[in-house]
Amino acid sequence: MLISAPMKTPLYSIRMHSSCRGSHLSGAERLVPQAELEAVAGQLLRRALEHSRGCADSIRLSVDAIAEPLVRSATLPDLATIRVTDYRQGREAAAVLLQHSGVSPRAVEIALATLAAGAAPDGGSMRGAMLLDAESGVRLEADPFRGVRVSRMDLSPEAALRLQQQLQRLGLNNPHVREALVLAGKVLATPGILAELCWSDDPDYTAGYVASAALGYRRLTQLKPLGEERGGRVFFIRDEGFDLTRLQRELEQAVLLFTDIGTIAGETPWEELRATLAAGA
Ligand code: AMP
């Protein structure tokens, strides 16, 4: 991942959060210049009102100027899709990919079991991500309902256009893929994080991914059964005596604009990739 020197760009962080009867429904955010704020606010509002899980009864929009225009720029991770036969094979593949990225078998097992059971203390989905020690599998986030929310990242207009064109070729040009790739890009650019595992809490969206510096963003066609509402994210933390408060601040506050994209590759069946990984191991 290439991170260039800071650049000065007057940008605003605009964030939307919607809920229905007190429960989280949807969230999205962008980094835009002032001239685009009004149009983007409209897009985010529409998105909150048209969510597939129902109509929002509360929508919050917040806009913050980036005080010190200290915007770092980076390149998105490479993306490739792995075709699996069902969600069980998807989770088996995710386990192999995470271990290949340096996560211990124990931490992988804990991550998969916790997401499957609903990672929040009430058995539902968390609002943000779990932090897991990549070796011991111990949970590290301070608030197990909220977790850590990655924020303040986006694509430059040129990178957004290139990404949409490349994803279009593969029939993958949808907000789920675009936004998850940007989020994973920021996670991988954050020192102290080894890998990420994600599947959605949207009952209609069964794909998910594993991302790591070693493998890039590996989209798995199925990681949960259709209709399942429990989803989540796990960030695997390197055991290097890191500062947890600083890591959380980086994920939530550092401003990162992706000005270039990585390679966008097509599908490989899991059996094929498993054989390749085993041969190289
Ligand atoms: P989604 O892919 O939007 O369905 O989100 C799946 C899960 O990822 C959610 O249930 C949250 O637990 C987590 N999540 C969503 N947005 C964020 C974020 N910005 N930062 C960290 N975790 C998130």
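**Exercise 1.** How far is an oxygen atom of the ligand from an N or O atom in the side chain of Arg233?

*Solution.* Keep in mind as you start that this model is predicted. Look at the side chain of Arg233: one of its N or O atoms is 3.0 Å from a ligand oxygen. A polar contact needs a pair of N or O atoms within 3.5 Å. Now turn to Asp201, where a polar side-chain atom lies 2.7 Å from an oxygen atom of the ligand. Then find Gly128, whose backbone has a polar atom 2.9 Å from a ligand oxygen. Finally, consider the surface: the ligand alone exposes 480 Å², and the protein buries 83% of that.

**Exercise 2.** Describe the residues that surround the ligand.

*Solution.* Start with the total, which is 15 residues, with Met126, Gly128, Val150, Ser200 and Asp201 coming nearest. Next, sort the shell by class: six residues are nonpolar, five are polar and four are charged.

**Exercise 3.** Are helices α4 and α5 oblique or roughly parallel to each other?

*Solution.* Find α4 at residues 157-169 and α5 at residues 175-188. Their axes are 11 Å apart, and the packing angle is about 125 degrees. Angles over 145 degrees count as roughly antiparallel and 65 to 115 as roughly perpendicular, so α4 and α5 are oblique to each other. Their crossing is right-handed.

**Exercise 4.** Work out how helices α2 and α7 are arranged.

*Solution.* Helix α2 covers residues 87-100 and helix α7 covers residues 270-280. They pack at about 25 degrees, with axes 11 Å apart. Angles under 35 degrees count as roughly parallel, and α2 and α7 are therefore roughly parallel to each other. This pair has a left-handed crossing.

Terms used. Residues are numbered from 1 along each chain as its sequence is written. This is a predicted model: local features need pLDDT of at least 70, side-chain atom pairs count only at pLDDT 80 or more; totals for chains, interfaces and linings use all residues. Side-chain values use heavy atoms; hydrogens and water are left out. A residue is near a molecule or strand if one of its heavy atoms lies within 4 Å of it. A polar contact is a pair of N or O atoms within 3.5 Å; within protein, one must be able to donate a hydrogen and the other to accept it, and residues adjacent in sequence count only if both atoms are side-chain atoms. Accessible areas come from the Shrake-Rupley method with a 1.4 Å probe; for residues, only the protein chains shown count as cover. Ala, Val, Leu, Ile, Met, Phe, Trp, Tyr, Cys and Pro count as nonpolar, Asp, Glu, Lys and Arg as charged, and the others, Gly among them, as polar. Axes are lines fitted to C-alpha atoms, for helices over the stretch in contact, and angles run from 0 to 180 degrees between N-to-C directions. Helices (H or I, at least four residues) and strands (E, at least two) are DSSP runs, numbered from the N terminus. A crossing is left-handed if the near helix is turned anticlockwise from the far one by less than a right angle, and right-handed if clockwise.
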